[in-house]
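Subject: Handing over a structure, with notes on what was found

Dear colleague,

I am passing on the structure that we spoke about, and I would be grateful if you read these notes with it open beside you.

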Amino acid sequence: MPSHPLPKDRSLSKLVAKFPAIDALSRSLLLNKFKDLKFGELQIHDRTGPTVSELIFGESHTGLVVRLTIFKSSFYSRTLFGGSIGNAESYIDGDWETDN
């Protein structure tokens, strides 16, 4: 039986992004996981709320620094539940950007 991918508007990452409570929980879970970062530095500029949150995880002494700017809270749920494909869809839809 051939499998047919869901249309983009019916993908899992789009579905979970419709529920703000899931976005908030996903944000909490991902940020907690980022605390375990051991190599390199991850800088997150979160512009999803009324003020910009600047969060830094890991250590910069390795010279590897990645900066993410998050524009939509759906980034968190789409990344957590959609994995690399959800994260890529989120990027394509403008939920976040990076200068790296």
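Helices (H or I, at least four residues) and strands (E, at least two) are runs assigned by DSSP, and they are numbered from the N terminus. The model is a predicted one, in which local features need pLDDT of at least 70 and side-chain atom pairs count only at pLDDT 80 or more, while totals for chains, interfaces and linings use all residues. Residues are numbered from 1 along each chain as its sequence is written, and side-chain values use heavy atoms, with hydrogens and water left out.

On that basis the chain holds three helices and four strands, and their pattern along the sequence reads α-α-β-β-β-α-β. Of the 100 residues in the chain, 29% are buried, where buried means under 20% relative accessible area, exposed means over 50%, and partly exposed lies in between (1.4 Å probe, protein chains only).

The sheet comes next. Two strands count as paired if DSSP finds at least two bridges between them, and strands of a sheet pair through backbone hydrogen bonds, either parallel or antiparallel. Here the four strands form an open sheet with mixed pairing, in the order E2-E1-E3-E4. Strand E2 (53–58) and strand E4 (96–98) stand at the edges with a single partner strand each, so one side of each has no neighbour in the sheet. Neighbouring strands are turned against each other by 20° on average, direction ignored; for such angles, axes are lines fitted to C-alpha atoms, for helices over the stretch in contact, and the angles run from 0 to 180 degrees between N-to-C directions.

Going through the pairs, E1 and E2 are antiparallel over six bridges and form a hairpin with six residues between them. Within this pair, Ile-44 has Leu-55 in E2 as its bridge partner, and His-45 stands opposite Glu-54 in E2. E1 and E3 pair in the parallel sense, also over six bridges, with Gln-43 opposite Arg-67 in E3. E3 and E4 run antiparallel and are joined by three bridges, and Leu-68 has Thr-98 in E4 as its bridge partner.

How does a helix residue meet this sheet? Taking contact to mean heavy atoms within 4.5 Å, and not counting residues up to four places away in sequence, Leu-31 touches Ile-44, Leu-55, Phe-57 and Tyr-76. Leu-31 and Leu-55 are 24 residues apart in sequence, and their C-alpha atoms are 9.0 Å apart in space.

Leu-29, found in helix H2, counts as partly exposed at 44% relative accessibility. Together with Leu-25, Leu-80 and Phe-81, Leu-29 forms a nonpolar patch on the surface with about 360 Å² of accessible area, to which helix H2 (20–34) and helix H3 (74–92) each supply at least two residues. Patches are made of residues with over 30% relative accessible area and no salt bridge, like charges being joined within 9 Å and nonpolar side chains (Val, Leu, Ile, Met, Phe, Trp, Tyr) within 5 Å; accessible areas come from the Shrake-Rupley method with a 1.4 Å probe, and for residues only the protein chains shown count as cover.

Lastly, there are the charged pairs. A salt bridge is a side-chain nitrogen of Lys or Arg within 4 Å of a carboxyl oxygen of Asp or Glu, and by this rule the count comes to seven. In one of them, Arg-27 pairs with Asp-46, the closest N and O atoms being 2.9 Å apart; Arg-27 lies in helix H2 and Asp-46 in strand E1, so the pair ties together parts that are 19 residues apart in sequence. Arg-27 is partly exposed, with a relative accessible area of 26%, whereas Asp-46 is buried at 1%.

Another salt bridge joins Asp-95 and Arg-78 (2.9 Å, N to O), and both of these residues are buried. Salt bridges that share partners join Lys-72, Arg-78, Glu-89, Asp-93 and Asp-95 into one network.
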